[in-house]
Amino acid sequence: MNPRSSLILREVCRLVIPAVMLFALYVQFHGEYGPGGGFQAGVIFAAAVILYALVYGRQKAQRILPTETVRYFIAAGVLLYAGVGVATMLLGGNFLDYNVLLQGHQQAQHLGIFLIELGVGVTVGAVMIAIFYTLDEFCE
Amino acid sequence: MDIETIVNISLLTMLALTVVVLIRMKSLLAIALSSGVYSFLSAGLFVAMDAVDVAFTEAAVGAGITTILLLVTIAITGREQTVSKHKRFLPIAVITITGAALIYGTLDMPPYGDAKAPIHTHVAPHYLTQSSEEIGIPNVVTSVLASYRGYDTLGEVVVIFTAAVGVLLLLGNAAKRSGRKQ
């Protein structure tokens, strides 16, 4: 949006953005143990990308994450989530009944929750970034 | 008074003050930022109620993303609120009736923290006592959201997906079209 952001803003964001992205990954993969999960992680990751786009300009952000890619990610997350459900059905269980994924039912639950949380995170993050891109393009 | 009561009262007071400020302001920019403050204060209240997962979501979505999206929208639409010339009687009547109906609705609800409330006697005891054996993860909120109620969460993700498709259909093509004209 503003490629002529001040030097201080640019340098502070250079330090902050990687930390925010790392925190998003922590929230994503630590949701089983502490507060958090795919939804929050997706939003935090999107916030990092949006901050990058605000400070360094949307075009620069789109060079790393093009609109097309983001749109594919929106569908990929939902497909991953529903795909886990279909996979459990093919393995003989009910829709989203993770117990049939692996031998031990706790490991199976872990795997199922990990995969669907990943799906949630990917879709939510991509949706937030896509909406921001669209509104920002609309601004011009 | 214990410390939790003091925290709750001060948070609720600040929430009420934020609402008064929100109503009186005319600058949309300031209103967008103040609603971010409102969300962040509610997140604080949720933490005080031990609902950390909800607080996390409220802080990230309400105070973070929503504020940014509102600010971008304001960049499109303009910063000042247009003063409406409509009569004030009808909106005040609608708000009063709706508010009264909502307060009347709370009269039937069990008191806050009541252990015998239906919500605590239906499936919640099963989730709380069996989650560590059936699912095997420490965070019961995640095990309810992602496993016991996985189907509901799939619905939520589809809702977000649909919202994005709607925005992209309405605005995405318009942005492209105006780009082509230039």
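Chain A has 5 helices and 0 strands, where helices (H or I, at least four residues) and strands (E, at least two) are DSSP runs numbered from the N terminus. The order of elements in chain A, read from the N terminus, is α-α-α-α-α. This is a predicted model, in which local features need pLDDT of at least 70, side-chain atom pairs count only at pLDDT 80 or more, and totals for chains, interfaces and linings use all residues. Residues are numbered from 1 along each chain as its sequence is written, while chains are lettered from A and ligands numbered from 1 in the order in which they are written.

**Chain A overall**
- The C-alpha atoms of chain A fill a box of roughly 55 × 30 × 20 Å along the principal axes.
- Of its 140 residues, 44% count as buried (20 or more other C-beta atoms within 10 Å of the residue's own, with C-beta atoms placed from the backbone).
- Among contacts in chain A (C-beta atoms, placed from the backbone, within 7 Å) between residues at least 6 apart in sequence, 65% join residues at least 24 apart.

**Confidence in chain A**
- Chain A has a mean pLDDT of 90, and 97% of its residues reach 70 or more; pLDDT is the predictor's confidence in each residue, from 0 to 100.
- Among the elements of chain A, helix α5 (residues 105-139) has the lowest mean pLDDT (91), and helix α4 (residues 67-90) has the highest (94).

**Helix α4 of chain A**
- The 24 residues of α4(A) should span 34 Å at 1.5 Å a residue, and this agrees with the 34 Å between its end C-alpha atoms; the expected span is 1.5 Å times one less than the number of residues.
- Buried residues in α4(A) include A:Val70, A:Ile74, A:Val78 and A:Tyr81.
- An α-helix has 3.6 residues a turn, so residues three or four places apart point the same way.
- A:Gly92, with a positive phi near 105°, follows α4(A).

**Helix α2 of chain B**
- B:Gly36, B:Ser39, B:Leu41 and B:Ala43 are the buried residues of α2(B), and they pack against α1 (3-24) and α3 (52-77) of chain B.
- After α2(B) comes B:Asp50, whose phi is positive, near 65°.

**Where the chains touch**
- The contact takes 39 residues from chain B and 44 residues from chain A.
- On the chain B side, α3, α7 (140-148) and α8 (150-181) each give two or more residues, and α8(B) gives the largest share, 16 residues.
- The chain B side divides into 28 nonpolar, 10 polar and 1 charged; Ala, Val, Leu, Ile, Met, Phe, Trp, Tyr, Cys and Pro count as nonpolar, Asp, Glu, Lys and Arg as charged, and the others, Gly among them, as polar.

Note on methods
A residue is buried if 20 or more other C-beta atoms lie within 10 Å of its own, exposed if 12 or fewer, and partly exposed in between; C-beta atoms are placed from the backbone. Two residues are in contact if their C-beta atoms, placed from the backbone, lie within 7 Å.
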